[in-house]
Every structure is written in C-alpha cells, then in structure tokens.
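Please open the model in a viewer and keep the selection panel at hand. The tour below moves from one selection to the next.

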Number of protein chains: 2
Amino acid sequence: MRTCLATVCISGSLEEKLDACAAAGLDGVEIFEQDLITSASTPEEIRARAARLGLSLDLYQPFRDLVGLPEPLFEKALGRLGAKLELMDRLGIDTLLVCSTVSPDSVDDDELVASQLRRAGELAAARGKRLAYEALAWGTHVNTYWHSWELVRAADHPAVGVCLDSFHILSKGDDPERIAQIPGEKIFFVQLADAQPLGMEVLPWSRHHRLFPGEGGFELVGFVVALLRAGYTGPLSLEIFNDVFREADPAVTVVDGQRSLRWLQQRVRGALDPSDPLREPLTALPKIEPVQAVDHVEIGTDAPDELGAQLAAVGFTLVGRHRRKDALLFRAGDTRVVITPRHGGGTGIASVAVVVADAGAASERAQALGADRAARPVTPDEAALPGVDAGRWQLFFVDAELARWTREFGDTQDSLAAGAAADAGSDAETAGDGATAVGNGLGSNAGASLVLDHLNLTEERGRFTATVLLLESVLRLVRQDPVDVPSRRGLIRSQVLQSPDAGVRWVLNQVPEALAHRSERFPVHVALSVPDAVAAARSAARAGLRPLPIPENYYEDLAARYGVDAQTLATWRELGVLYDADASGGLLHFYTRTVGGLFLEVLQRVDGYTGYGPADAPVRLAAQAIG
Amino acid sequence: MRTCLATVCISGSLEEKLDACAAAGLDGVEIFEQDLITSASTPEEIRARAARLGLSLDLYQPFRDLVGLPEPLFEKALGRLGAKLELMDRLGIDTLLVCSTVSPDSVDDDELVASQLRRAGELAAARGKRLAYEALAWGTHVNTYWHSWELVRAADHPAVGVCLDSFHILSKGDDPERIAQIPGEKIFFVQLADAQPLGMEVLPWSRHHRLFPGEGGFELVGFVVALLRAGYTGPLSLEIFNDVFREADPAVTVVDGQRSLRWLQQRVRGALDPSDPLREPLTALPKIEPVQAVDHVEIGTDAPDELGAQLAAVGFTLVGRHRRKDALLFRAGDTRVVITPRHGGGTGIASVAVVVADAGAASERAQALGADRAARPVTPDEAALPGVDAGRWQLFFVDAELARWTREFGDTQDSLAAGAAADAGSDAETAGDGATAVGNGLGSNAGASLVLDHLNLTEERGRFTATVLLLESVLRLVRQDPVDVPSRRGLIRSQVLQSPDAGVRWVLNQVPEALAHRSERFPVHVALSVPDAVAAARSAARAGLRPLPIPENYYEDLAARYGVDAQTLATWRELGVLYDADASGGLLHFYTRTVGGLFLEVLQRVDGYTGYGPADAPVRLAAQAIG
C-alpha cells in the first residue's frame, strides 16, 4: 500500500519535511495547514518541490468546525472553505480533511449535519475536490467513526467520504471490525497512529503521546485487515502527534515511520491466509524466522588486557587472534566474544551477530526496514557478514555458510558447529593461514557450561521506541512490558525483547537525560548463565576476579526479606553474589567491575526464574556509582 | 512548621541528599529504604552524618504489605517488621511508614486489619517506635484516609497512628476537611505533594508527575488548615515522585522544595484570620503587595547600536549614559530600558526591576524563598537596588527611595516619578555629576504613549515549574493556564503570570530540549503597547526599522479566517503587522528582527483583547527561523 505522513509529525520547515519524506521513500504527504502558513514558499513552489521529489500531496488538513452549525455560522464556514479549496487548487491537492465539529455552537442534529455536508460537497465538487470527514474522539456530537459514516451516507454526495484515524477509533476502545462494512470508495483517507496505554484522557493523549504503528499497544493489524475487507485502496498515512518526534531530526524520524508502515504491512500479511487476495496490495519484506541465537558479541575496548582477564576469570578461553586484524576471539562452550581495539573510546558493545538461516535475506530485510547497511572491510577469502547499523551498535547476520568466520581466528570450531567440535580438528590447516590459535577451543570446565543469557544495551530517550521497533521487526523478537528502574540519576526505562523460545534475550535501557552525553557512566553489559553462580563466583575469585562490591545494607535487607540463613548470606557477601526471587524461582548473580563502559554479569536461574533481578538493578547501579 | 523531604524525591547518593537538604535549610528528612540499601554507609554513619548536619531523621519508609493478610503471611511480615525496627534503632528513627496493603493476598476484613495493626503496634512500642499507617490511593481494600483513621482508631494502640499524604487524598477528589476531626496526636506524619490535572490514572500520575506544593492544582491551603485544626504539630514533609526532579541537581531541587513549603505556609497564613491562633506555628515571610509595575528592564547586548536603533525606531529616546559605567538609559513615557554591554554574549534580558513599596523587604522575602542574592557593585552615592537571581536573569526591587537611580544616567525624572516630570528640572544639578544627559527625558510623541505590555522570558525544561513558582511567590503574580505553542523545533510550553490588575504581565516560555543548549536560537522579547499599532509600525518604518518579515501565506489565511478587506490586508502586509482575535477583541502587532537573542514586539489591544496572539506565535517563530 502507498505510504504517507502528515507534515505535523516531524520537525523542521515544510521544505525540510518534504525532503525528509522523499529521502525515506514515502509515497506522499499530508500538508498540515500551519506548516504552509509559516512557510515562505508559495503554494506553487511547494507543489513544484513535491513534484520534483516524486512525492504526491495527498491531503490538506485540518479544516475545523464546518458542519453542524447554525446557518449563519455555516455560511461563514463555507466562505472559509471556498478560500481553502482555491488554495488546494494551487497546491494540486484533491482531498481536504474535515474534522467533526468541536465548537460550542455546534448543534446535535444529524439531518442538519448531513445536509450541510452535502452542500459543502457540492462546493468541493465544483472545484474537483473531495471532503474526507473525520470523527474526532472528542467531537462535540460526532465522535465515532460509525456515526461519521452514517452522516456521510446520509449526505449522499460523491465528493463526501470519511477519513478514518486509528487513534480516534482505538483510543476509545471502539471496534474497527465494522469498517469492513463501509464501501471502500467512501473511505477517502486513512491515518494510522499507535499509542501506549497511559491511562490518560484522550485529548492530551492524542496531542502528545501518539506513536508509530507497532510502538504502542493498539491492535492495528486487525484495523488494516478491516480496511482491506472494505476495499480501501488509498494510502496508509501516519499522523503522529508526539512531543519527542517534534524535536527530533526529521530525516531520522521519517525513516522510523516508514519502517513502522512496512512492518505493519508484513504483520498484516502474516495474519492473512497465504492465498488470501487481500494480501495483494501489502508490501512484503524478505521473510525470516524469529532469531533464536546470538552467534557472537563484538566488544570494542581500549582496555583489552583488563577485559580479557575478566573474560578468562568467568570461564572464557582466548582461542585465537585474527590473522589480519588486531582482534581476539574468546570462547566458552558455544558462547563467543570478539574483542577489537577502540582507541581512547572506552569499552562497549560494537556489534552483535545473530544466527539466521539466510544472512543475505536477513540483511536485506533490515535494510528494507530502513536500517543503514554496515560495512566491515574484508578480504576476498574472509567471511563477509552482512549487517546494519542499529542504534549505538551494529547488527550482523551469520548463517551456515558464514559460520567459518572463526577460522580467521585460527579457531577450528565453526561458529554454528555446536557439539561438532570434535570434528573440527581436521580443518586446522584452513585456519593456519597467519591466524594464531591460542587455546584449544573448548574452554575450561566452568566455561563449557556457560551460556549467553542476555545482552543489555543502552539507547537515548529520543531513539528508544524506534530502536525497540527496529529490533522487533528486524529480528522478530517480542516485547515484554517495560519496567522503570530507579538510579541515582533518574528512572531508567528498561525494555526486554525476547525470541519466542527465549533463545535470545535482549534488554534495552533508556539512558536518563542527565547522562545522555556521558554514556561512559551508563554501562552496557553481557550476562552469562551458569548452572551454579556461587561456584562460578568462587572460581572467578580464585582466578583473580574482584566482583562489584555490594553494600552491607543490601545483605541485611535480604535477610529481612527472605530470611536467608547467616552462613549462606556470609558466602554471598564474600563473593558479591546478589539474590532475587519471583513467583516461580530465584536468581543468583554477580557482576564484574565496569571496564570502560561495559561489565559482565554471571547468573543462575533457579526453578524457572524468568526475570532480570529488578530489585537488584538499583543496587548495582549505585555500586557502579552511576550518578 | 518544621519542613522535611523524602530522600526519594531527589537525585544523588543518600549522603549527597542529606547534604543538599541541610544546605537548603530543611529541618529533617524521611529515609527512603532503597537509598539506604544502595548506600555504602552504615546506618550508624548515616545517623552521625545527619546529626552533624543538624538534620532530624523523621521517618523510615516504606513498609509494604504488613496488615490485612492471612495469619501465616502476617507472621512473616512481623518478622520483616522486627528487622526494620532494629534497623531504625541504629538509624535513630522513631516512626515507620506502613502503607495500606496492595498484595493480592490481602483480605477485606477491617477487624483483622485493626487487630494486626495493634499487634504490630505492640512490637513497635516494645522498641520505642511508632507506626504511621497510610492509605494508598490504590490500596486493595484500604484507600481513603478516613478508612485508615477508622482502622487506627479501632487498633487503639498508642504506637499506631495515621500518615496523611495530600496526593493520595486530593488525587481522588477526597475532601480533606474531615482531617480536622482526627485527634492531632494520632496524625503521626504528613506528606505533601501537588500535581497538575493530567487526566491520568492515579498510579502513574503519582509515580511520575507529582510536583512541589504550589506547582500544581491541588488545594493544599485548605489541606493544611484542616491539619492545623486537627492539632497536628509534626513536620510538613515533601514526598514528590517526579521523573524530572530525579534527574536534576539535588541542591537546586531541594531549594525549590523548601521554597514551596514556605510559600504554602505564607498562603495558609493569608487564608486565616490574623488573630487566629492556628497561624502561630506557620513560618511567615516578609509581606509585600502584589507587584503591579515593572520599573525598568536591563538588556545586556554586544550590539548596542543595532538595539539602540530599534528602540529609537519604536519610540524610545536615549536619555542618558551612566556617569561611571558603560550603560545607556532609554525612555519612552514611563517605560525604561537600560542597555549594558555583554561582550560576545549576544543580546538578552539581564535583569528586570519591579516597583515595590519596600525594596529591602521584597528582597528579604525573595531570599527567604530560597533565591540567591544578586549583587551589583555600586559606589556609596549610587542607588543600590537589592535583588536576587531568578533563573536566567536577575530580579531587582525599586521603591520610592531608590527611584533616584535614573539620575546616575543624567535623567532628571526619577523612575517612579511618573507624571511629575515637569518638576524634575530642578534636580538637574544632582544629575550633572559626570553623567551624560542625552535626550530631554520626554521621548517622542510616539514614545510618550508607549507602555510596557509584557516580558517574554525563557526557561529550560528542568527549571520551568520552579521558576514559575519563584515568580509567583516572590512577586505575588498569578498563573494563568499554560498553553503549548508549536515551533519547528518542538512544542513550547508558555506560561503567563500576571499581577491581579495586569499591571505586570510576564510570559515564561519553556525552551524545547533540542534548543536547550542553543538559547541564541530561542529569543526573549519585550512587548510594548501602543494606542495604534499600524501608526506605530508606519512611524517605525519611517525611522528605518525593518520589521520581521511575515509570509504571504499568513495573510492569505487571515483573509480566509477573518474576511479582512484587501486594502487593510495590504497595509498589514506592507508593515509586517499581524492580527489575532479572541472572544472580546483583537490584537494588532508587529515584531522587530532579532538582535542576538532578543527582539521587540509592538502591540495594540483592541476592545479588551487579553491574549498574547497564540495563533501568531508559530508564524513568528518560523519567521525567526527558530529551528
């Protein structure tokens, strides 16, 4: 389906907005009146610019308080309408958005509204224009889509149809299913917006907190299915009033918007039977299965010795050095970490590589979803992992063909050859080409049972929802409910994304504004799961690891909360082990001290504990002197 | 009354929080459990630090899910309680906050709750402690303060009383008047919070959007009166969960909090009869009448010639140069502008001086409200205007005694001697001392009728509500409802403060985050009222002023909206005059081009128009290329 965006959504001048929409590949825009009024360009210049950019101008909006008014006021409104129709002529726009009336002068008289709609439609038709009548959720007398449709039907004029806005419909819990009963050609326009349930009144909710489709909680898949059933053939247009979007870089915001519409169409396709002809107008993405495993994590660091010592202490083995580049491969069982130099840039997650069936298709899908291609220079004989930029890090894709990348480090076990390590020895000669094999590729006893549990990455406030949607749409991960974690520098919004089988667990933390420009003070981390966290902590201590120190007050509170016996508590205290419990089980875990902007967590999930230690996160943040 | 703050309100470590509270002059604090748990200090160290700082530790909080539970769970909770009472012993805290239960296991059985409260009270009393039972607005079975009091009464134990939190009571629209019926000695603690009506569910509203008393819309004066009638003698304690406060500098936030409690007490005093003994415990401020006039505005600039030319073009006369400093005095009728050099710092409002009956008292009041004294070096024979820092500018006070400051500029008309200019000639010798009298002190014809209409200043997001409260409390101005003005870089929250007779009109605009570090792109302005804005625009044009250019699209929209005739429109267009209308009248106005970070507005209010041209502000912002 064609994609469109209302210029009110984004920042900048009208000219900048048009440029951003075209650059992101949108098909058209709605011109928001204030953007035109405040523009120094004439309507003709705007029209020419859009034409040059290949953008269609699909709608002019909004026209307020037209119908349902006493005759003298309606006559006055018709005068206004005439002027705006003339303006639309100059812009080359066919359709005008007419909102249901909110004026205190409006009359509760459906017959009057219908007849005034018809008269307005005659005026519009005389200029070859159409009126798309929209029920605002807070319209005085007309505030449901079905009511607006009944009035349009009664007006019975070819130039009068409805405009359907998902926010006005779904914010009130209205059922979109009846949309399918409206003749498609009478649906003149469709605006899409999502929103989180904030427990707010609908007007401020609508004006400040709309989100792109997929970023909120509205059931937009069913909404679009109903549109398709009605036979709607117009564009899907984003009309998102969001205080953050209004301040952000428009070029970036529009890419996020375009992604949301593509991902929504893909989800609608998935909800329909493959043979259903309704799928035909929906833009398809390269399909992938939900991503179920992380292949390896690349950590950029200016402190490789310190970080390497930490990795070794928790059970990793240095298995090789890249034959050409200054990069090290660490492995513990099937968990791989690559360390690359980051001169003067601290320590952080540079990239994450995930396992997919077809790396090329996965990368194409990510790019179709608006992610920029990430290029990593390789020589012809090296595995070229395709990837994209994903917020503050890069995302790469590994498939069976590309799993041989480990041989460039002299590791004889291909990255996907889990359990087949015994056969790998025969490949040693392939790996001998300048690479330095350091370990035996099997790790220590502790390491063999170590599994990547989750990654914890950070994102700034203005990019947070978009990055969540990017991960969700590119990897087919599933969002859990976000939680707020208190730190000494503000609340941290924490969003878990998981693959359906929890093979991939990804936590995205929103950096408090006060720390936005000091990301070194807000570290990321890699969490590793072990069968026995206390034993792992003891083994790490023997290997020289000094865990993050945990305050004594914390252990006293643990005793009060869980009645932990003194001896256990003493062990935990000595090893820096923390404990949390949920309804099903418990979590035992410890943290390493932060190296640059990164630390490691080693954890043990007991009896099906599924959380991430929410009560312990503030203790950890304070111990890390965040703030 | 004693003032107190819950450590959860502010950012930083527990130690930093204690320091900030003591520095701001608070009497005590509530220790929020998580602040202690995450602290590396022992309870004894915290106790010693507070003692050294002269802070009392008034409350430990929160204790959740104690009563209304089945017996085994209650027994477990009693175990937890015992540990916390022991901890309180070490901290030297007497009172524990017990929240009404939210556990799904809780039972709807008042008799059970009362008996469990009594048993818990016995445990507390054995350690010399007290339990302050608080009804959370979302407590499962106990969620009104009256219910909590009935349970406390039924528990009938000296160690069990209530804690009253204004948020939990007023957020639900509950009537605080019955508080007066609770025996004062059974009200163990009082927490105060304000909030704006956001149309949100009470839980997220409470957790993220509480404000200091006076910053929101709650009727806290009546709340405190009811407390006094009950005979409550404990502290007024701030418990403000606010996402912005949590990220802000704690030292600054606490000063804001202390101000809010002092201003609240002053308002309560004002609401009581002067002879009412209930006033006795309330801390008083130096009293002033509402400020009714601006004496002069000081503009700091690195472009004095350009700014001076603009001032002259709109009707100001340069009346003198300061005899000692590089400062110029411009006057138009009774409106005075002082220009001082600001090397390389652009142009902005450096200070505003207001007219008060007693400048010393007004300044003392401002300092009692936490504002820092602003010192301007003067020689012994010069008028030393007392003043304070007020956000991004300074605030000075002028009374009859200090009105002679103009003579330092050679101006013979004292700043308060409006209408007495004719007598001023006799004072000329006083002014001759090195100062340069430039004009005749009467201004041009245009200038004589020019009146300061309003000031428009900016404030960053994190300081916005606090600066509004500062202006309100220091000058006794009155807030109007805020409005959102769209700019190309985001929504601008705009807050009008007025004196009761509108002699002072002060607009505070919240800078969008995207422009927070680029204030030169978000100018302040001085608005001057004239009897005929079109004549003033013509006269200014003759004097060489080039007004801010307004887009043609704006005039076409004016024609559509108001049916303005072509000739009038042509005049407005030529002169850069804008037009807005409200229910009563209209506004005609024009803007000068921005000099550095400041511009002038000249306006004419027609037929009692009281607004500020909300529809024109976005046009102005776009024309100024904000964004």
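Begin by selecting the interface: 43 residues of chain A are in contact with 43 residues of chain B, contact meaning that the C-beta atoms, placed from the backbone, lie within 7 Å. On the side of chain A that touches chain B, helix H2 (33-37), helix H4 (71-91), strand S23 (490-498), helix H17 (552-562) and helix H19 (617-623) of chain A each supply at least two residues. Helices (H or I, at least four residues) and strands (E, at least two) are DSSP runs, numbered from the N terminus. H17(A) provides the largest share of this side, seven residues. Colouring the side of chain A that touches chain B by class shows 18 nonpolar, 13 polar and 12 charged residues. Here Ala, Val, Leu, Ile, Met, Phe, Trp, Tyr, Cys and Pro count as nonpolar, Asp, Glu, Lys and Arg as charged, and the others, Gly among them, as polar.

The model is predicted; local features need pLDDT of at least 70, side-chain atom pairs count only at pLDDT 80 or more, and totals for chains, interfaces and linings use all residues. Residues are numbered from 1 along each chain as its sequence is written, while chains are lettered from A and ligands numbered from 1 in the order in which they are written.

Between them, 30 residues of domain 2 of chain A are in contact with 29 residues of domain 3 of chain A. H11(A) gives the most to the domain 2 side of this contact, with seven residues.

Finally, turn to chain B and its open sheet of eight strands, ordered S16-S17-S15-S11-S14-S13-S12-S18 with mixed pairing; two strands pair if DSSP finds at least two bridges between them. Strand S11 (residues 294-301) and strand S15 (residues 347-355) of chain B pair in the antiparallel sense over seven bridges. Select B:Thr301 to find its bridge partner in S15(B), B:Thr347.

Definitions and conventions. Contact = placed C-beta atoms within 7 Å.
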